[in-house]
Amino acid sequence: MTLSLRDNEVLLASEPAGPGLRKSIYSVPGMSCAGCIAKVESGLGKLSSVTQARVNLSTKRVAVTWDEAQGVPPIQNTLSDLGFESHIQSQMVKVRDTTQSNLLRALAVSGFAAGNIMMLSVAVWSGASDTTRDLFHWISAAIAFPTLLYAGRIFYIPAFQAIRKGRVSMDVPVTIGLLLTFMMSLYDTFTHGLHAYFDAVVTLLFFLLIGRTLDHLMRQRARDVISDLERLVPDSVQVVDATGGHAFMATADILPGMTLQIALGDRFPVNVRVVSGVSDVDLSLVSGESVPKRTEPGDVIVAGALNLTGPLVVEAIAAANQSFLSQMIELIEGTEASRHAYKPIVDQVVAWYAPVVHLAAFSAFAVWYFLGAGIHHSLTVAVSVLIITCPCALGLAVPMVQVMASKRLMQQGVLMRDGAALERLNQIDTVIFDKTGTLTSGMPELVNAEQLLPAHLAIIKRMARHSRHPYSRVLADLSIVGSESGSIGNVSEHPGSGLEAVSEDGIYRFGRADWALKDQTQSIAFQGPVLSRNGEWLATLEFEHSLHSSAAPLIQTLKARGLPVEIVSGDATNAVNKIAERLQVDSACAAMLPAEKLKHIIEREADGSRVLMIGDGVNDVPAMQAAYVSMAPSSAVDIGRSAADFVFLRDDLSSVLTSLQVAQKSRALIIQNIAFALLYNLVAVPAACGGLVTPLFAAIAMSGSSIVVVANALRLSGARSGNQSFRRKRGFRKPSLMPAE
Amino acid sequence: MESYFFLIPVSLFLGLVGLGAFVWSLNSGQYDDLEGAKERILLDDEDVD
């Protein structure tokens, strides 16, 4: 691939930034400290055409502004020389997050209003009377009114939508409470009343917005990190036109019949048929098959497969929206996910809490009215019931716990998509694993190294440096005792077959048996790749996909907790059974197509099981979608990551257990918080119905109960996890598994 | 009593200045990279633009 084509890709993804300047954004996941910032910024700054490089460590991105006149700077090469992997961020991906700044602005406005109204209210409570009190009420009203309009709409709009759909969400009682209290207080201000609840209204709004903002920030952060990981389908593809010229084109614009050039190490953007060239393709993310497949002209390759050994010229046989990936997406959309039936705890509570509260307020009004208290006093009592029960503590009780849980998980390298997933995780009773890439690592492992002569291994190792086939990459990293580093003559790669080295001792071949050996009848006996000299057999290598070191302890712990474990894989029966045996998993299904995996999950759920599905490939995605809860490693395909409720960033399956533990703990805290909020109401509601709640009382009760639930939620990140974040920076790893409870 | 007419507008004005300062800092991107901000303290050779 020529440089100018890559430059074209960079240009396509950049945006104009002032006269003659363009701005490109790269995601650099490896940045983690001040040293990295300095290295990246000064390294990129030294490039002549770069005018500014600015790192954002929170999002792990670097924004580079460069001078168009001086050509495209080699940003990615510079970064990789500095030791950082990077992915270009195309402009299509960037959607400006307006919700976040809306929430923060609303929070700032309500915070300002709450502080100032409280200041005036304190004056009223400490004895201001007559004109002074009225004046202070008027000023309070003048501050509260625009605040309620501006900051309150965050609640009114969803509340209105919920009512139209005939549901009750948390927003409904909030909206009713806010508006009724405000109007009542306004009336009292007009009629020179003693009490006005402006401070209660605005403080309530402020507290609820804190909960809402934290909740949003938590989700946003997880989404950002996930979307920055490498994409399965490249954004742009090299197209060969009729005259033989090359051009970059957006993947979405590819039509069937176009000729594409797929370089080594690239993924196939759409379903294609090979026109010329021989190669090996890695299908592990697509179908779960662990052994790369040899392809020849005429073969059909599905989108998402990785080209390993030889450049290919291919013909697109489907547009981007009709490829294998899109079929998977259709399968996903047709799936009725059992998780949709789940109602978060807070919604369950609100569903009966809101009617009870409104009924209490109404009864209070009716009783006082019939006792002859007059309409004004009766209404005041009813409003004070509403304001005191307005789910202030309830609105903070759950988000605070979830934010702390998400922070705790993030420290342990697990991203949580939303809080409800954490609640569902507590209810699972079956764990189903995919094999390739989940239980086993993506890389194969040489299992018969001891039986091989070190001399042979040394030869293979030197040859293997010249290839990016997964076997070669493992062999190139082998440490062999007594092997002198040196060259082995002229090494060439024969795509789809193996490696050949012409040396003084003869011609060495390492690869498929039927290619490396002269005697074809002999070659059938060998399954793995062989090493030969001048066509004579020297050694056979056996590969197996290595188990994650954390897989066995994890499965034992899960079983000890009484959770049945299953393996459902798209790989060959042989490979699956071997792994199942080693892990002592009783139930293993092999050679499953994506639709069969999906069916398996649906059947299990129909039996009443609640399944946690852990997978990484495209073939797992429909099953993950159907499962009650799903998890994926960060190496998973992008639609897998977006289907997963949890994504773990470390190459360590103990993350599964960590998530389960955090889920358990946060469930306990959520229940405690809700119980506290209800207990508080049990005291406050009778007091309010009795007409005892003054604005001062309301202010103290609301703030007090909010502080209690927030403090309780903070227990989730004790001194221990603070310590862990320190250790993480030093590269210190916790022992991988905690004992079962 | 007269002092109210002076002090209340002053306090509200100061509050508004604070609110304005926050909204300005939010819009100018000062909260975009809190992680980076805390690490950048450690850099002593930051370029002056």
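Which residues does F433(A) touch, not counting residues up to four places away in sequence?

**View 1. Contacts of F433(A) in a predicted model.** F433(A) touches T438(A), L439(A), L554(A), I555(A), L558(A), V565(A), E566(A), I567(A), V568(A) and I614(A). Contact means heavy atoms within 4.5 Å. In this predicted model, local features need pLDDT of at least 70 and side-chain atom pairs pLDDT 80 or more, while totals for chains, interfaces and linings use all residues. Residues are numbered from 1 along each chain as its sequence is written, chains are lettered from A and ligands numbered from 1 in the order written, and side-chain values use heavy atoms, without hydrogens and water.

**View 2. The largest nonpolar core.** This core has 107 residues. L209(A), F433(A), L558(A), L612(A) and F646(A) have the most contacts inside it. Helix α23 (residues 654–689) of chain A gives the largest share, 13 residues. A core joins buried (under 20% relative accessible area, 1.4 Å probe, protein chains only) Ala, Val, Leu, Ile, Met, Phe, Trp, Tyr and Cys residues through side-chain atoms within 4.5 Å.

**View 3. Helices α5(A) and α6(A).** The axes of α5 (residues 130–164) and α6 (residues 171–190) of chain A come within 9 Å and cross at roughly 155°. The two are therefore roughly antiparallel (angles over 145 degrees). Axes are lines fitted to C-alpha atoms over the stretch in contact, with angles from 0 to 180 degrees between N-to-C directions. Helices are DSSP runs (H or I) of at least four residues, numbered from the N terminus.

Conventions: Angles under 35 degrees count as roughly parallel, over 145 as roughly antiparallel, 65 to 115 as roughly perpendicular and the rest as oblique. Buried means under 20% relative accessible area, exposed over 50%, partly exposed in between (1.4 Å probe, protein chains only).
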